Amino acid sequence: MYSQSLRALEDSIDKRFIRINDRIRAREIRVIDDEGGQIGILPPYEALKLARSKNLDLVEISPTAQPPVCRIMDYGKFLYQQEKKEREAKKHQKTITVKEVKFRINVDDHDYETKKNHVLRFLDEGDKVKATIFFRGREMTRTGLGRQILERLIKDVEPHSIVEFRPRQEGNTLHAILAPKKSMAEREKEKEKAAKQKAKQERMQEKAAQTADAPEKKEEQPVAAAAAAVDSTPPTSQAS
């Protein structure tokens, strides 16, 4: 339990404001050794002397505690590990972007379906979608038709999306913003589940194919045995 809280303290350190070695100004500090054991409360100069005897650093990991908590550690190694953790965290982060799909008020059914499929693909990839209708000239008198198109889109993609902003007009533009209904983790679980089901189906198909081939092999065995018996029959001698 103590080691977990210690790791939590280290993970919360902001390296921009961290104090080490001679920069630690408290009169007394609670010291933790390089193996995680508690040494006790010491003046900073004694703790620093102990750290240097091990060729290590004295690092303040909890400056707000009373007294502040400091640990003896390899500060360079600590920074390297922190940067490595940050890089790993960034690898698993997905940046959510807003993809825009534009419609016209005179859009035909085929073009509408194509754009709707774009919206579904963007949502499935975890991105938000801004559906936009731009009115030109006299089209400003038909804004109601544009609103109907966006409401139709919202209804069609409802199983896959959450409406963040219902259709709203700004100048000569009408737009709505849709967000994915499922989180990234949920989508990853679904993909993993689908992959497992696919592999299971392939194994079942392979097993069924092997079972279907088995009777043919059994039928071939008597024929092969008969042929072998014919071949092994000694030739009859002819009377002279």
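Here are some notes on how this chain is put together.

1. **What you're looking at.** This is a predicted model, in which local features need pLDDT of at least 70, side-chain atom pairs count only at pLDDT 80 or more, and totals for chains, interfaces and linings use all residues. Residues are numbered from 1 along each chain as its sequence is written, and side-chain values use heavy atoms, with hydrogens and water left out.

2. **The overall layout.** The protein chain has six helices and eight strands. Both kinds are DSSP runs numbered from the N terminus: helices are H or I with at least four residues, strands are E with at least two. Following the sequence, you get the pattern α-β-β-α-β-β-α-β-α-β-α-β-β-α. Of the 240 residues, 29% are buried; that word means under 20% relative accessible area, while exposed means over 50% and partly exposed is in between (1.4 Å probe, protein chains only).

3. **A four-stranded sheet.** Look for the open sheet with the order S2-S1-S4-S3 and mixed pairing. Its edge strands, S2 (38–42) and S3 (57–62), each pair on one side only. Two strands count as paired if DSSP finds at least two bridges between them. S1 (residues 29–32) and S2 run antiparallel and are joined by four bridges, with Ile29 standing opposite Leu42 in S2. As background, strands of a sheet pair through backbone hydrogen bonds, either parallel or antiparallel.

4. **The helix on the sheet.** Helix H2 (residues 44–53) packs on this sheet and touches S1, S2, S3 and strand S4 (69–73). Contact here means heavy atoms within 4.5 Å. Which residues of H2 are buried? They are Pro44, Ala47, Leu48 and Ala51. Seen down the helix axis, the buried residues of H2 fall within an arc of 100° (taken from the directions from the axis to the C-beta atoms), so they line one face of the helix.

5. The buried residues, by contrast, pack against S1, S2, S3 and S4. Just after H2, check Asn55, which takes a positive phi of about 60°.

6. **One histidine to click on.** His175 is found in strand S8 (residues 173–180). Is His175 buried or exposed? His175 counts as buried because its relative accessibility is 7%. Leaving aside neighbours within four places in sequence, His175 is in contact with residues including Lys130, Leu150, Arg166 and Glu170.

Conventions:
Axes fitted to C-alpha atoms, helices over the stretch in contact; angles between N-to-C directions.
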